[in-house]
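Let us walk through this structure together, one region at a time. Please keep the model open beside the text as you read.

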Amino acid sequence: MGSKKRNASANEESQGKRKGKSTARRGAASRRKTDRPVVKDVSIKSESRHKRTKKMRSENEMPGRPPGPSPEGARPKLEQAGSKKKTHRNCTERSDLLLSPAPTASKTSPKAQAKSEEERSAERAGEKKEEENSEERKRAVEENEVSGLEAEAPHCIPKIQLSAGDILIINEKKFTLKGKLEGDYGRVNMVETEKPSGFWLTFYFESNEAKVKRLKTMSTVSALAAAHGRNHILRILNRGEDKKLGLKFVTTDAILMTLSELLHEKCADAFPHDVALHLCLATFECVEDIHQIGFVHRDVKPAAFAFGREPNAKKIFLTNFGLARRYRRPRDLSHLSRRKRVPFMGSVTYASRGVHQRMERSRKDDLESWFYTCIEFLEGDALPWKKMTDREQILSVKEAFMSAAGFPVATKKFAKITVEFQSIARHIDSLEYRASPDCGSIKKLLGAAMETAKVKPNDVHFTWDWEKIAEDVKKHMESKDEKRNTISPPTKQLTISPTDKEEATDGAGQAVQNCEPTAS
């Protein structure tokens, strides 16, 4: 019995010790829990990053104090405990993010804002000027600019590559050439060989070795005209490269005869009055079309206009864009800066005064060349510099011709050049480099000139029947010759005395006024 009591008391004592130890352990654990900072479990799955950041920032900020870095002693226990004890991984990794101060709105005075706005505008202006300067440096001498070059003429003439009648294959179709293929640049008409009716094309070509690049500009102008629905510029049908011949090419709808060819071959250097007035209006619309797509032609003359073949036989087209150039940027339609000097290009007879002075071309220069063309259409001998060769002399005569006092004097003996053309000359002369021509006023003046000549601007009976026009011109010239023969006085023979021989044969080779004719 005694041993049983001793064993029971020993068991009770050991159980008490075990209970004490477990109680002590629970107490220590509870003390450790109370010493540990309270960390709120942030679940990435349940809350977005923005919400967690906003919530932790609001919990860490002290009331009554603006957002900002906390004093050293007032830092939350989360950062202190992070270095001592391992806590939740997401909280320790994002502690810097969660405790960062909120951004404060910067307060700037109106004067400072105005100053910063001025600085920004000045910076933008500087960038634009730098862009213009880089464009000017880039375009100082362009790839289609060579002094003395005309738009359609080759720069150099190597050996003939193909002759009239030769076959050229394009896209597996055979075409028969109707002219020579020679030079580094040019055009030739051709007809499809296998079709009995004959599909006509105009073949523009440029040698790969050409120093002056013009085909690219022509392609750009034609593509833009098609995109903007301009009807007086031929569409491109095909483009490519022939490696055997060493040239690039572009094909368009075929053209028939240029106005220069019609003037000299069909109309004996003078169009009938009604035909000339209709041509003035039609060619002006052609020039207007190229200006509308942002280009200047830079070689406007009778040879730059041509009639098409069927179904375009009654329509005039502007051609020869080899020397064309942009006058405005396609991005914002702002005018390109003016270069200081540009080579003399184009035909001397129809070149504007600005071309003679090597100035940058603008729409004004195209219209001045168009105006000289119209004067020649109306009166073949009305351009007083037509037979001159010296460029300086031609420039001085053009200056007098386009002046307010000189134009009426130069054209007073030509009845077809009416007062409306004097008004057109005044408007063209008043244009500045960047100025837009008043196309509506010019068209009204041309309409008024037609009314003065009793020509209907929209005459439905008027057609471009050049065979009939040529026949009428021929009859008119024959009747003119008959009148001259019937009215001419009897011929008289001039006798010059030996003493007057020196006077009579002066340097100009003209008869002297004091030699009196005597009837034989």
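**A walk through the model**

Strands E9 (residues 305-308) and E10 pair in the antiparallel sense, with three bridges between them. Within this pairing, Phe-307 stands opposite Ile-316 of E10. Bear in mind as you look that this is a predicted model.

Now widen the view to the sheet around this pair. Three strands make up an open sheet, ordered E7-E9-E10, with antiparallel pairing. Strand E7 (255-258) and strand E10 (316-318) stand at the edges; each has a single partner strand, so one side of each is left without a neighbour in the sheet. From one strand to the next, the twist averages 40 degrees.

Helices lie against this sheet too. Helix H8 (residues 259-266) lies across E7 and E9, and its direction is at about 60 degrees to E7. Helix H9 (residues 273-292) also packs on the sheet, where it touches E9 and E10 and makes an angle of about 40 degrees with the direction of E10.

Let us move on to another sheet. In which order do the six strands of this open sheet lie? The order is E1-E2-E3-E4-E6-E5, and the pairing is antiparallel. Why is one side of E1 and of E5 left without a neighbour in the sheet? E1 and strand E5 (236-242) stand at the edges, and each has a single partner strand, so one side of each lacks a neighbour there. The twist in this sheet averages 35 degrees from one strand to the next.

E1 is joined to strand E2 (residues 173-177) by four bridges, and the two run antiparallel. Ile-167 stands opposite Thr-176 in E2, while Ile-170 has Lys-173 in E2 as its bridge partner. The hairpin of E1 and E2 has two residues between the strands, and in it Asn-171 takes a positive phi near 50 degrees.

The side chains of E1 are worth a look as well. In a regular strand, side chains alternate between the two faces of the sheet. In strand E1 (residues 167-170), Leu-168 and Ile-170 form the covered face, whereas Ile-167 and Ile-169 form the uncovered one.

Further along the sheet, helix H7 (residues 215-227) lies across strand E3 (185-192), strand E4 (200-207), E5 and E6. The helix runs at about 30 degrees to E6.

The cut-off for buried is under 20% relative accessible area. What does the side chain of Asp-253 make a polar contact with? Its partner is the side chain of Arg-235, at 2.7 Å. Leaving aside neighbours within four places in sequence, Asp-253 is in contact with Thr-202, Leu-234, Arg-235, Leu-237 and Asn-312.

Next, turn to a pair of helices. Helix H14 (residues 419-430) and helix H15 (residues 439-452) have axes that come within 9 Å and cross at roughly 165 degrees. Angles over 145 degrees count as roughly antiparallel, and H14 and H15 are therefore roughly antiparallel to each other. The crossing of H14 past H15 is left-handed. On the H14 side, the contact is made by Glu-420, Phe-421, Ser-423, Ile-424 and His-427. On the H15 side, Ile-442, Leu-445, Leu-446, Ala-448, Ala-449 and Thr-452 take part.

Is Phe-414 buried or exposed? With a relative accessible area of 11%, Phe-414 is buried. Not counting residues up to four places away in sequence, Phe-414 touches Glu-379, Asp-381 and Ala-382. Phe-414 and Ala-382 are 32 residues apart in sequence, and their C-alpha atoms are 7.3 Å apart in space.

Finally, step back to the protein chain as a whole. There are 17 helices and 11 strands in the chain. Of its 520 residues, 38% count as buried. Among contacts with a separation of 6 or more, 62% are between residues 24 or more positions apart.

Note on methods:
Residues numbered from 1 in each chain as written. Predicted model: local features only at pLDDT ≥ 70, side-chain atom pairs only at ≥ 80, totals over all residues. Heavy atoms only, no water. Polar contact = N/O pair within 3.5 Å; in protein donor to acceptor, adjacent residues only side chain to side chain. Contact = heavy atoms within 4.5 Å. Buried < 20%, exposed > 50% of the residue type's maximum accessible area, 1.4 Å probe, protein only. Pairing = 2+ DSSP bridges. Axes fitted to C-alpha atoms, helices over the stretch in contact; angles between N-to-C directions. Parallel < 35°, antiparallel > 145°, perpendicular 65-115°, else oblique. Left-handed = near helix turned anticlockwise from the far one by under 90°.
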